[in-house]
Amino acid sequence: MEQIIYLPPIRTTEQIYNDIKTADSNSAISLNYIKGIIRKYNIPYATSGNKKMYNEKLVFDYINKELSFVEETTTTIVPAKVRKQV
């Protein structure tokens with residue numbers, strides 16, 4: 001019986017960017033944003049010569065995580081201090 005191996009989609013940053021633009025030509029996601037996500041979350045990579053290749057699904061998961069984060073803000077009223085003039 002033959003064993004089936006499933007490989008994740010392995011892409012360079014440029015290929016990931018092109019896949020996003022192909023799916024949504026009006027996407028505001030830039031190549032620099034993708035590179036920033038990779039740096040911020042230390043996404044592992046494989047190398048082939050000078051080329052770094054990433055798991056595209058993992059990059060998309062982190063992009064979804066980043067974009068779905070909603071920060072709740074609370075405002076606190078701080079009384080203003082009036083400086084005495086001499």
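Reply: E66 counts as partly exposed, at 24% relative accessibility; buried means under 20% relative accessible area, exposed over 50%, and partly exposed in between, with a 1.4 Å probe and protein chains only. This is a predicted model, in which local features need pLDDT of at least 70, side-chain atom pairs count only at pLDDT 80 or more, and totals for chains, interfaces and linings use all residues. Residues are numbered from 1 along each chain as its sequence is written, and side-chain values use heavy atoms, with hydrogens and water left out.

The side chain of E66 meets that of K40 in a salt bridge, at 3.2 Å from N to O; the term denotes a side-chain nitrogen of Lys or Arg within 4 Å of a carboxyl oxygen of Asp or Glu. This pair links distant parts of the chain, with K40 in helix α2 and E66 in helix α3, 26 residues apart. Helices (H or I, at least four residues) and strands (E, at least two) are DSSP runs, numbered from the N terminus. K40 is exposed, at 52% relative accessibility. E66 is also among the residues that I37 touches, where contact means heavy atoms within 4.5 Å.

The whole structure holds 4 salt bridges. R11, D19 and E56 are linked in a network of them. Between D19 and R11, the closest N and O atoms are 3.2 Å apart, while E56 and R11 meet at 3.9 Å, N to O. Because E56 lies in helix α3 and R11 in strand β1 (residues 10–11), the latter pair ties together parts 45 residues apart in sequence. E56 is buried, at 7% relative accessibility.

How values were computed:
Lists of a residue's contacts leave out its neighbours within four places in sequence.
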